[in-house]
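Subject: Structure handover

Hello,

Here is the structure you are taking over. My notes on what was found follow below it.

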Amino acid sequence: MKICFTFAKATSNKRMKNFDVIIIGGSYAGLSAAMALGRSLRNVLIIDGGKPSNRQTPHSHNFITHDGKTPKEISDLAKEQVLKYKTVKFQNGVVVKMHKDVDGFKVITENKDDFHAKKLIIASGIKDIIPDIPGFSECWGISILHCPYCHGYEIRNEVTGILSNGDMAFDFSKLVFNLTKNLVLFTNGRSSLNNDQTEKLQKNRINIIEDEIEEVQQANGKIQKMIFKNGKEVSLKALYAKIPFTQNINSDDLGLELTEQGFIKVDMMHKTNIPGVFACGDNVTMMRSVANAIAQGNFAGAVVNRELAEEDF
């Protein structure tokens, strides 16, 4: 989902549609927020581009009552249940323009549809920046993983790699070490670990490989080997990777403030630095999970409803 910061005038032949709340992003956080608002009789529009970051992930875990289901099964059921509330509408599309006006916020989709709302909830997730390593993208979400809580149990005790470096690599190794002792750390170049970190990893028999990666050998998204530029090969069952990301919205749009890590900055009530704009889900936290996104969306929806109630009373 891509949002561009533009103050262009709306196309004259399109009728403005007014809502209490527009939710940008219709995956777990957005749908959860919409349910809380729909049950409070708020007129809500969800706009979603249909490309969730976990679309390649075969199974979702660590979410009670839905453990082991596909991400699509969960989101399809959620959408079906949310849209039973008559005041909630769903729009397939991509928001390309949005800005604040006197009465609230205006968004325009790629099809030049205009929508207006008193409040915005940004639940648009994040976009992973896939490294330029052949085979990596095919495995992402299948056998190259971001979260041991979501997937670690299924690959426990298997030969597992971590692709990271420095402090992040050291901290992540401690977490994954509980799930498997057959652990290899790939720094993909010279290690930036300090002496104490290196010594600790070696003491726990975690091999550190600094060779540069040539490709990930895989079949149908299942990793088989890490192949290095010097010809070395290492067989693996799975790989955890800490990779960079970017917001699915333009951080300059509306002047939203980001944290040092690149997340949208929110307070405990999921309020951004812009009054009337809220954010929830993967775009505000490093804890990327279905359960967490749903919890955040539910809370954000309740907070927005409370704010509307205070203003309308």
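Start with D20, which is buried at a relative accessible area of 12%. (Buried means under 20% relative accessible area, exposed over 50%, and partly exposed in between, with a 1.4 Å probe and protein chains only.) Before going on, note that this is a predicted model, where local features need pLDDT of at least 70, side-chain atom pairs count only at pLDDT 80 or more, and totals for chains, interfaces and linings use all residues. Residues are numbered from 1 along each chain as its sequence is written, and side-chain values use heavy atoms, with hydrogens and water left out.

Salt bridges

The side chain of D20 meets that of K118 in a salt bridge, at 3.7 Å from N to O. (A salt bridge is a side-chain nitrogen of Lys or Arg within 4 Å of a carboxyl oxygen of Asp or Glu.) This pair links distant parts of the chain: D20 sits in strand 1 and K118 in strand 6 (residues 114-122), 98 residues apart. (Strands are DSSP runs of E with at least two residues, helices are runs of H or I with at least four, and both are numbered from the N terminus.) K118 is partly exposed, at 36%.

The whole structure holds 14 salt bridges. Another one joins D128 and R288, with the closest N and O atoms 2.8 Å apart. D128 lies in strand 7 and R288 in the loop between strand 17 and helix 7, so this pair ties together parts 160 residues apart in sequence. Both D128 and R288 are buried.

K229 pairs with E212, the closest N and O atoms being 3.3 Å apart. K229 is in the loop between strand 13 and strand 14 (233-235), and E212 is in the loop between strand 11 (207-209) and strand 12, 17 residues apart. K229 counts as exposed at 54% relative accessibility. E212 counts as partly exposed at 43%. There is also a salt-bridge network, which links K119, K271, E307 and E311.

Strand 1 again

I24 is in strand 1 (residues 17-24). I24 is buried, with a relative accessible area of 0%. Its C-alpha atom is separated by 5.0 Å from that of I122, 98 residues apart along the chain.

The second largest pocket

This pocket holds about 650 Å³ of space. (On a 1 Å grid over the protein atoms alone, where a 1.4 Å probe fits, a pocket is an open set of points with protein on both sides within 12 Å along at least five of seven lines; lining residues have an atom within 4 Å of a point. The volume is the space filled by probe spheres set on the points, which are joined across faces, edges and corners.) Its lining has 22 residues, and H146, M168, F172, K242 and M286 lie nearest its centre. Strand 7 (126-128), helix 4 (148-151) and helix 5 (166-177) each give two or more residues to this lining. Helix 5 gives the most, with four.

Two positive phi angles

Most residues other than glycine have a negative phi. T65 has a positive phi of about 80° and is not a glycine. T65 is in the loop between strand 2 (44-48) and helix 2 (71-82), and counts as exposed at 68% relative accessibility. N220 is not a glycine either, and has a positive phi of about 55°. N220 is in the loop between strand 12 (213-219) and strand 13 (222-228). N220 counts as exposed at 75%.

Best wishes
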